[in-house]
Amino acid sequence: MLKSLPEYEVLAEQAHGHLCAGQILGLRMALYGVKLLGLEDPAGADRKRLVTYVEIDRCATDAIPIVTGCRLGKRALKFRDFGKVAATFCDLRDQRAVRLVARESSKQRAREMYPELASKNQQQMCAYRQLPDDDLFGAQWVRVAIGPEDLPGYKAPRVMCAECGEGINFKREVTRGGRVLCRACAGERYYQPL
Ligand SMILES: [Zn+2]
Ligand SMILES: [Zn+2]
């Protein structure tokens with residue numbers, strides 16, 4: 001079952017190392033996402049229904065799995081590095097998805113609501129606990145095509161890269177000139193061997 005925001009804050013602080021405005025924003029975003037999808041127990045009974053895409057590698061992203069239970073290692077959390085405080089919550093059972101984006105105006109709202117607080121982080125923490133969902137986030141119903149190879153629980157034979165010999169899972173191999181290669185050997189390498 002869903003917990004209260006203060007209960008989630010305790011868990012988020014433990015997982016993230018500190019409590020910050022981004023944590024509260026991430027918790028609120030995840031709570032709003034599962035509410036719009038009508039999921040009452042995302043991390044429990046409904047845990048196989050939900051896949052979440054996050055669009056930034058900052059504080060808010062760490063808070064989202066606290067509510068949703070969607071984790072990278074379970075293949076239920078997907079990272080698309082768009083540099084936006086946004087996330088898309090996908091209900092696999094009912095084939096529905098909603099994308100939420102943090103409104104730019106919420107920082108200004110926080111300043112107006114709590115001018116007496118010295119730090120922006122304090123202002124935002126207080127405001128992000130209070131503001132209605134709709135003031136914090138824009139919401140858009142979307143369609144997300146999730147291929148079978150991207151779903152949790154997908155099984156496929158491991159193949160070996162013809163160049164480096166490393167094993168490749170989940171159909172991430174590519175074929176170049178008749179050879180089966182990993183994405184690194186096919187030109188997407190983000191590191192240079194020394
Ligand atoms: Zn933080
Ligand atoms: Zn390779």
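Lys 48 is exposed, with a relative accessible area of 70% (exposed means over 50%, buried under 20%, partly exposed in between, using a 1.4 Å probe and protein chains only). Lys 48 sits in the loop between α2 (21-37) and β1 (50-54). This is a predicted model: local features need pLDDT of at least 70, side-chain atom pairs count only at pLDDT 80 or more, and totals for chains, interfaces and linings use all residues. Residues are numbered from 1 along each chain as its sequence is written, and side-chain values use heavy atoms, without hydrogens and water.

**Nonpolar core**
- The largest nonpolar core has 36 residues (buried Ala, Val, Leu, Ile, Met, Phe, Trp, Tyr and Cys joined through side-chain atoms within 4.5 Å).
- Leu 27, Phe 89 and Phe 137 have the most contacts inside this core.
- Helix α2 gives the largest share, 10 residues.

**Salt bridges**
- The structure holds 13 salt bridges (a side-chain nitrogen of Lys or Arg within 4 Å of a carboxyl oxygen of Asp or Glu).
- Arg 49 pairs with Asp 91, their closest N and O atoms being 2.7 Å apart.
- Both partners are buried: Arg 49 has a relative accessible area of 13%, and Asp 91 has 1%.
- Arg 49 also forms a salt bridge with Asp 94, at 3.4 Å between the closest N and O atoms.
- Asp 94 lies in the loop between β3 and β4 and Arg 49 in the loop between α2 and β1, so this pair ties together parts 45 residues apart in sequence.
- Asp 94 is partly exposed, at 37%.
- Asp 150 bridges to Arg 172, with the closest N and O atoms 2.4 Å apart.
- Asp 150 is buried at 16%, while Arg 172 is partly exposed at 29%.

Technical notes. Chains lettered and ligands numbered in written order. Helix = DSSP H or I, 4+ residues; strand = E, 2+ residues; numbered from the N terminus.
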